[in-house]
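Hi,

Here is the structure I said I would pass on. Have a look at it first, and then read my notes below.

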Amino acid sequence: MFLKAQRVSVLAIIDGLDATALTTAVLPSGWTPLGLVEHLGYAERHWFQEIMFGSAEPLTWPDDDHVPLTTPRPRSVVLEFYRAQCERSDAVLVGTPLSAPVRERHPGPLGEEITDLRRVVLHMIEETARHAGHLDAARELLDGRTGLGPR
């Protein structure tokens with residue numbers, strides 16, 4: 001429920017932005033709203049597929065064809081990718097006990113902490129909420145809108 005609410009917020013925050021705004025970096029780090037949504041799709045794929053089960057279906061594009069947190073893909077492709085990854089993650093949640101151990105380890109200290117599906121879910125709530133906050137701030141800088149999303 002909490003992960004779903006954060007995902008809905010991400011999509012609500014970018015709703016109504018045109019192609020220019022979606023690909024405009026408003027902070028010095030250079031990320032774009034659309035690039036951040038694509039990143040969240042990669043995160044869903046990584047944690048719920050690669051880490052939980054050791055593999056994921058191949059992408060239809062190279063994953064090194066852009067600067068991190070930006071994307072050369074159009075809105076429709078990125079949104080479909082994000083939604084599809086969320087649906088796959090939801091299928092994992094429906095069919096797998098929260099106590100199920102991960103099959104792979106994420107590199108670094110975070111990988112040592114993520115040992116089962118419960119911790120994958122908690123991490124994804126944290127990651128999605130963090131980036132929803134980034135998107136919320138970017139949206140305010142882009143067009144002044146605030147308070148978007150269900151929470």
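Let me start with one histidine. H123 touches W47, L110 and I114, leaving aside residues up to four places away in sequence. H123 is part of helix 6, and with a relative accessibility of 7% it counts as buried. Please keep in mind that this is a predicted model.

Now for the helix that H123 sits in, and its partner. Helix 6 (residues 117-143) packs with helix 3 (residues 33-53) at an angle of about 180°, and their axes are 10 Å apart. The two helices are therefore roughly antiparallel to each other. On the helix 3 side, the residues making the contact include L36, H39, A43, W47 and M52; on the helix 6 side, H123 is one of them, and V120, M124, T128 and L135 are also among them. Sorted by class, this contact has 14 nonpolar, five polar and two charged residues.

Helix 3 has another neighbour to look at. Helix 1 (residues 2-14) and helix 3 have axes that come within 10 Å and cross at roughly 160°. That angle makes helix 1 roughly antiparallel to helix 3, and helix 1 passes helix 3 in a left-handed crossing. From helix 1, L3, R7, V10 and I14 make the contact, and from helix 3 it is P33, V37, L40, E44 and F48. By class, that contact has seven nonpolar, no polar and two charged residues.

Then there are the aromatic rings. How many aromatic pairs does the structure hold? There are two.

- Y42 and F81: the ring centres are 5.4 Å apart and the planes are at 65°, so this pair is edge-to-face. It links distant parts of the chain, with Y42 in helix 3 and F81 in helix 4 (residues 75-95), 39 residues apart. Both Y42 and F81 are buried.
- W61 and F81: here the centres are 5.1 Å apart with the planes at 70°, so this pair is edge-to-face. W61 lies in the loop between helix 3 and helix 4, and F81 in helix 4, so the pair ties together parts that are 20 residues apart in sequence.

Is W61 buried or exposed? At 14% relative accessibility, W61 counts as buried. F81 has a relative accessible area of 7%, so F81 is buried. Put together, the ring pairs link Y42, W61 and F81 into a cluster.

If you open the model, you could start with H123 in helix 6 and then go to the cluster of Y42, W61 and F81.

Cheers

Notes:
Residues numbered from 1 in each chain as written. Predicted model: local features only at pLDDT ≥ 70, side-chain atom pairs only at ≥ 80, totals over all residues. Heavy atoms only, no water. Axes fitted to C-alpha atoms, helices over the stretch in contact; angles between N-to-C directions. Helix = DSSP H or I, 4+ residues; strand = E, 2+ residues; numbered from the N terminus. Parallel < 35°, antiparallel > 145°, perpendicular 65-115°, else oblique. Contact = heavy atoms within 4.5 Å. Nonpolar A, V, L, I, M, F, W, Y, C, P; charged D, E, K, R; others polar. Left-handed = near helix turned anticlockwise from the far one by under 90°. Buried < 20%, exposed > 50% of the residue type's maximum accessible area, 1.4 Å probe, protein only. Phe/Tyr/Trp six-rings, centres within 6.5 Å; stacked < 30°, edge-to-face > 60°.
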